Amino acid sequence: MGHSGDVPSIREAVPEEYPILEDILVSAFTTGCWVDPHYEENLRTLSLRSRVMHVWVAVDHDDRPLALALTPRPEYWDRSYFTFSTLAVSPSARGLGIGALLIDYVVGLARNHGFSRIQINSS
């Protein structure tokens with residue numbers, strides 16, 4: 001990630017970044033496991049998914065995307081728990097604690113909005 005001690009920052013992604021983030025999704029989901037072509041196509045739908053989801057991106061000190069997580073926009077929340085279903089770390093950024101950083105960020109979002117339960121949907 002550049003200089004030692006650099007900690008990625010997290011912000012909401014902008015639509016111009018979606019193609020890069022879709023590449024991260026595909027590489028994260030296809031490195032070390034098999035993904036069928038239909039599932040891979042669905043990973044390349046951030047512009048559609050962003051209508052109902054916030055796209056959070058972890059970036060390095062040069063603002064290059066390293067990882068992402070999706071959480072529902074408030075109008076799609078289930079009031080009994082906060083949820084997220086997609087988290088992907090670029091294979092080149094694995095082992096740096098970025099996945100944990102994103103999870104901590106999502107937990108913080110949940111707490112800040114008064115949730116005491118989180119549901120993580122994963123296959």
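T83 counts as buried, with a relative accessibility of 16% (buried denotes under 20% relative accessible area, exposed over 50%, and partly exposed in between, with a 1.4 Å probe and protein chains only). The structure is a predicted model, in which local features require pLDDT of at least 70 and side-chain atom pairs count only at pLDDT 80 or more, whereas totals for chains, interfaces and linings use all residues. Residues are numbered from 1 along each chain as its sequence is written, and side-chain values use heavy atoms, with hydrogens and water left out.

T83 belongs to strand β4 (helices, H or I of at least four residues, and strands, E of at least two, are DSSP runs numbered from the N terminus). A polar atom of the T83 side chain lies 2.9 Å from the backbone oxygen of Q119. Apart from neighbours within four places in sequence, T83 is in contact with T71, P72, Q119 and N121 (contact means heavy atoms within 4.5 Å).

An open sheet is formed by four strands in the order β1-β2-β3-β5, with antiparallel pairing (two strands pair if DSSP finds at least two bridges between them). Strands β1 and β5 stand at the edges with a single partner strand each, so one side of each is left without a neighbour in the sheet. From one strand to the next, the twist averages 20° (axes are lines fitted to C-alpha atoms, for helices over the stretch in contact, and angles run from 0 to 180 degrees between N-to-C directions).

Within this sheet, β1 and β2 run antiparallel and are joined by four bridges; R11 has V57 of β2 as its bridge partner. Seven bridges link β2 and β3, also in the antiparallel sense, and W56 stands opposite A69 of β3. The bridge partner of A69 in β5 is L87, and the antiparallel pairing of β3 with β5 comprises four bridges.

Strand β2 is largely enclosed by the rest of the structure, because seven of its seven residues are buried. In a regular strand, side chains alternate between the two faces of the sheet. In β2, M53, V55, V57 and V59 point one way and H54, W56 and A58 the other, and all are buried.

The hairpin of β2 and β3 has five residues between the two strands. D63, in the loop between β2 and β3, has a positive phi near 65° although the residue is not glycine. Most residues other than glycine have a negative phi. D63 counts as partly exposed, at 41% relative accessibility.

Helix α4 (residues 98-112) has 15 residues and reaches 21 Å from its first C-alpha to its last, close to the 21 Å expected at 1.5 Å a residue (the expected span is 1.5 Å times one less than the number of residues). The buried residues of α4 are I98, G99, L102, V106, L109 and A110. These residues cover an arc of only 125° around the axis, which puts them on the same side of α4 (the arc is that of the directions from the helix axis to the C-beta atoms). The exposed residues D104, R111 and N112 are carried on the face of α4 turned away from its buried side.

Helix α4 lies across β1, β2, β3 and β5, and runs at about 30° to β3. The cover over the buried residues of α4 includes β1 (9-12), β2 (53-59), β3 (65-72), β4 (82-84), β5 (86-89) and β6 (118-120). After α4 comes G114, with a positive phi near 85°.

Note on methods:
Polar contact = N/O pair within 3.5 Å; in protein donor to acceptor, adjacent residues only side chain to side chain.
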